[in-house]
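This note sets out several points for a colleague who is new to the structure. Please read them with the sequence and the model at hand.

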Amino acid sequence: MVSRFCFKCGKKTNKLIDGYCSTCYKQRKVKKKEKEKIYELCKKCGYMKINGKWTLQHKQNVKIKNVVCDVCSKKYGDYYEAILQLRGDFQERHVDFCKRFLNKLERKEDRMAFFFLSGKNKEIDLKIGSKKAAKKLAKSLKNRYGCKIKKSYKLYSRKAGKNIVRDTILCRF
Ligand SMILES: [Zn+2]
Ligand SMILES: [Zn+2]
């Protein structure tokens with residue numbers, strides 16, 4: 001005769017572990033594990049790493065460890081893959097266009113589209129985190145303003161036996 005039951009689900013069984021049937025006991029263990037798991041949260045961008053992916057969605061009520069994510073460590077570590085140079089007769093509005101274009105790209109599709117702007121007057125350089133983003137911007141500038149695009153490659157350094165090549169894209173207005 002079965003006289004005992006799981007206090008969680010009410011199933012009658014003589015095999016109880018801490019008052020739970022085997023199914024409820026397993027579930028409880030999984031939940032406990034989930035609670036003890038520590039989630040990485042980037043203190044720069046606010047993204048959380050969930051199942052190996054950085055996402056803006058957050059898990060609630062979990063333990064958190066503050067870190068700097070891969071993208072932010074590049075962004076704040078002077079990393080860039082391409083230099084887009086504005087030369088010739090360009091104006092402030094062209095520079096603004098570049099900024100807006102990259103900001104939007106970074107927000108919407110390519111987190112590596114971050115950039116640093118340097119130079120002044122008639123020579124502006126945009127150091128851009130992703131080659132793809134730099135190419136897109138150059139194409140857009142050409143279509144919109146008809147500037148001439150000249151691409152050249154520049155050898156930058158060697159890392160772990162590999163040559164690191166950065167794209168240089170010259171946009172002449
Ligand atoms: Zn149960
Ligand atoms: Zn981050």
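1. Two residues are in contact if their C-beta atoms, placed from the backbone, lie within 7 Å. Not counting residues up to four places away in sequence, A134 touches A82, L84, I128, D167 and I169.

2. The model is predicted: local features need pLDDT of at least 70, side-chain atom pairs count only at pLDDT 80 or more, and totals for chains, interfaces and linings use all residues. Residues are numbered from 1 along each chain as its sequence is written, while chains are lettered from A and ligands numbered from 1 in the order in which they are written.

3. A residue is buried if 20 or more other C-beta atoms lie within 10 Å of its own, exposed if 12 or fewer, and partly exposed in between. The buried residues of α3 are C98, L102, L105 and E106. They lie on the same side of α3, because they cover an arc of only 100° around the axis, taken from the directions from the helix axis to the C-beta atoms. On the other side, the exposed residues include E92, R93 and D96.

4. The buried residues of α3 pack against β6 (115–120), β7 (123–128) and α4 (131–145).

5. K151 belongs to strand β8 (residues 148–159). This residue counts as partly exposed because it has 13 C-beta neighbours inside 10 Å. Leaving aside neighbours within four places in sequence, K151 is in contact with D167 and I169.

Terms used. Helix = DSSP H or I, 4+ residues; strand = E, 2+ residues; numbered from the N terminus.
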